[in-house]
Amino acid sequence: MLKNRIIPCLDVKNGRVVKGINFVDLKDAGDPVEQAKIYSDGGADEICFLDITASNENRDTIYDVVDKTSKKCFVPLTVGGGIRSVEDINKLLNCGADKVSINTAAVKNAKVVEDSSRKFGSQCIVVAIDAKRNNAGWEIFTHGGRNSTGINALEFASKMEKCGAGELLVTSMDKDGTQSGYDIELMQKISSAVNIPVIASGGVGTLDHLVDGIKSGASAVLAASIFHYGTYSINEAKQYLASKDIPVRI
Amino acid sequence: MNVTIVDYNSGNISSVINSFQEVAKDKVNIEVTSDLNKIISSDKVVLPGQGSFKSCVNALNNINGLVETLNDFVLTNKKPLLGICVGLQMFADVGYEETETKGLGWISGKVSKIDNQDGKYKLPHIGWNQINIVKDSKIFKGIENNSDMYFVHSYELVPNDKSVVSATTDYSSNIVCSVEKENIFGTQFHPEKSDKIGLQIIDNFIKL
């Protein structure tokens, strides 16, 4: 039976982890490579880096991080943030990323998704959808949630599936950072609208939220804070899901 | 000993290279090349593959003499080869992804799309799934039955002769996820992304 995945996400800025794990034995709390290794040793099913480096001159730092991580972690590595073109994707994959997650570029120009999925295979193209509730349902935002688009999230999800996306990483902007749980209705709607796997993101504060995320139809659950701050370990999360009869890799 | 990873522009092979280097350390020389002389003279060959069946076969054919060299290595010299993902799928006679495409024909059979049962099963089949070992395979030494491996694919190998199947995984039906036929080995899952247990499989192959 296919297991549900637990994916810890690390925010990386200028090559350093922004929110660190509070482990006593950690030599360098800001080193993304070391933190990724702790996650993968702890049973993470995948690792996700979100590059939030703002300035262009420091953007190359992520390549070095990906290169070093992929030589130490032997679980899938997804990298997102600031990807503009097929060439950016090529560079990240060559550094050792297994998948890339595309947000703004996919909205601006769907051809990036079409071209890259044809060139590298759908399996490595994740489209990240940042959605916020409005009167009509959910609207997608770009540029890390700063810019509104007027585009309906469900329609966009279906469009991205047709363009060749292999997975959708769906983040609720209403829930992100609140630790009050995923936007379950959003996850349900998108999961049933598409036939590709959905990764639920945004709002996890407790282990029950992970359970709710999987029950909403998502194939995987992504979380940052609960793991960063050591509230729960990956293994605790998995044991809890298993105790709720959710298939996980232990 | 030399293990050669065939670099034929089949997409992203960095993870395969990293995992083999991690296992090999300094004891085994890992080459990454499309040089025909190096391939034919190596002790073992790894054939990765990402993207579609058609794009991988085309990429193989784009390198003059590569298919013949691989045929010699596998069929004449009978040296061990490990195909990963589409690398395994290409063992078949024919694949149906995008359009009907002739494969290497080392294992009689076809590659067709996984039956998603009208949307009941999401495709690609992405994530960790347990393998059901149905035959002793040299690359499974020390691997427990029902171990979880990392998969990402939408197509499956359907061999005519089921005796080549060494493991299956349950997704919609019992999908063939590993084969062994004499010196030919293949995994549909990604040992290079399957954590310690995947590295064990790579180690087993290197030590053959």
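Visitor: How many bridges join strand 11 of chain B to strand 12 of chain B?

Guide: Some ground rules come before the count. This is a predicted model, in which local features need pLDDT of at least 70, side-chain atom pairs count only at pLDDT 80 or more, and totals for chains, interfaces and linings use all residues. Residues are numbered from 1 along each chain as its sequence is written, while chains are lettered from A and ligands numbered from 1 in the order in which they are written. Helices (H or I, at least four residues) and strands (E, at least two) are DSSP runs, numbered from the N terminus. Two strands pair if DSSP finds at least two bridges between them. Here 6 bridges join strand 11 of chain B to strand 12 (residues 173-181) of chain B, and the two run antiparallel. One bridge partner of B:Thr168 is B:Val176 in strand 12 of chain B. The two strands form a hairpin with 1 residue between them, and B:Ser172 in the turn has a positive phi of about 75 degrees.

Visitor: Which residue stands opposite B:Asn132 in strand 11 of chain B?

Guide: That is B:Thr168. Strand 8 (residues 125-133) of chain B pairs with strand 11 of chain B in the antiparallel sense, over 3 bridges.

Visitor: Why is strand 11 of chain B said to be largely enclosed by the rest of the structure?

Guide: Burial is read from a neighbour count: a residue is buried if 20 or more other C-beta atoms lie within 10 Å of its own, exposed if 12 or fewer, and partly exposed in between, with C-beta atoms placed from the backbone. In strand 11 (residues 165-171) of chain B, 5 of the 7 residues are buried, so the strand is largely enclosed.

Visitor: In what order do the strands of the 9-stranded open sheet of chain B stand?

Guide: The order is 2-1-3-4-13-12-11-8-9, with mixed pairing. Strand 2 (29-33) and strand 9 (148-153) of chain B are at the edges; each has a single partner strand, so one side of each lacks a neighbour in the sheet. On average, neighbouring strands of this sheet are turned by 30 degrees against each other, direction ignored. Strand 12 of chain B also pairs with strand 13 (residues 184-187) of chain B, antiparallel over 4 bridges. There, B:Val179 has B:Gly186 as its bridge partner.

Visitor: Which strands make up the open sheet of 4 strands in chain B?

Guide: They stand in the order 6-5-7-10, and the pairing is mixed. The edge strands, strand 6 (101-102) and strand 10 (155-159) of chain B, each pair on one side only. Strand 5 (residues 94-95) and strand 7 (residues 109-113) of chain B run parallel and are joined by 2 bridges. B:Val94 has B:Lys110 as its bridge partner in strand 7 of chain B.

Visitor: Is B:Ser108 buried, exposed or partly exposed?

Guide: B:Ser108 is partly exposed, because 14 other C-beta atoms lie within 10 Å. B:Ser108 lies in the loop between strand 6 and strand 7 of chain B. Contact means that the C-beta atoms of two residues, placed from the backbone, lie within 7 Å. Leaving out residues up to four places away in sequence, B:Ser108 touches B:Asp93, B:Pro159, B:Asn160 and B:Asp161.

Visitor: Which residues touch the most other members of the largest nonpolar core?

Guide: In soluble globular proteins, nonpolar side chains tend to be buried together. A nonpolar core is a set of buried Ala, Val, Leu, Ile, Met, Phe, Trp, Tyr and Cys residues joined through C-beta atoms within 7 Å. The largest has 80 residues, and A:Val127, A:Ile129, A:Leu168 and A:Val170 touch the most other members. Strand 6 (residues 125-134) of chain A gives the most to this core, with 6 residues. Apart from it lies another core of 62 residues, B:Phe20 and B:Val45 among them.

Visitor: At roughly what angle do helix 3 and helix 5 of chain A cross?

Guide: Two packed helices are described by the angle between their axes and the distance between the axes. Axes are lines fitted to C-alpha atoms, for helices over the stretch in contact, and angles run from 0 to 180 degrees between N-to-C directions. Helix 3 (residues 86-95) and helix 5 (residues 111-120) of chain A cross at roughly 40 degrees, their axes coming within 10 Å. Helix 2 (residues 61-70) of chain A crosses helix 3 of chain A at roughly 35 degrees, with axes coming within 8 Å.

Visitor: How many residues does each chain give to the contact between chain A and chain B?

Guide: Chain A gives 28 residues and chain B gives 30 residues.
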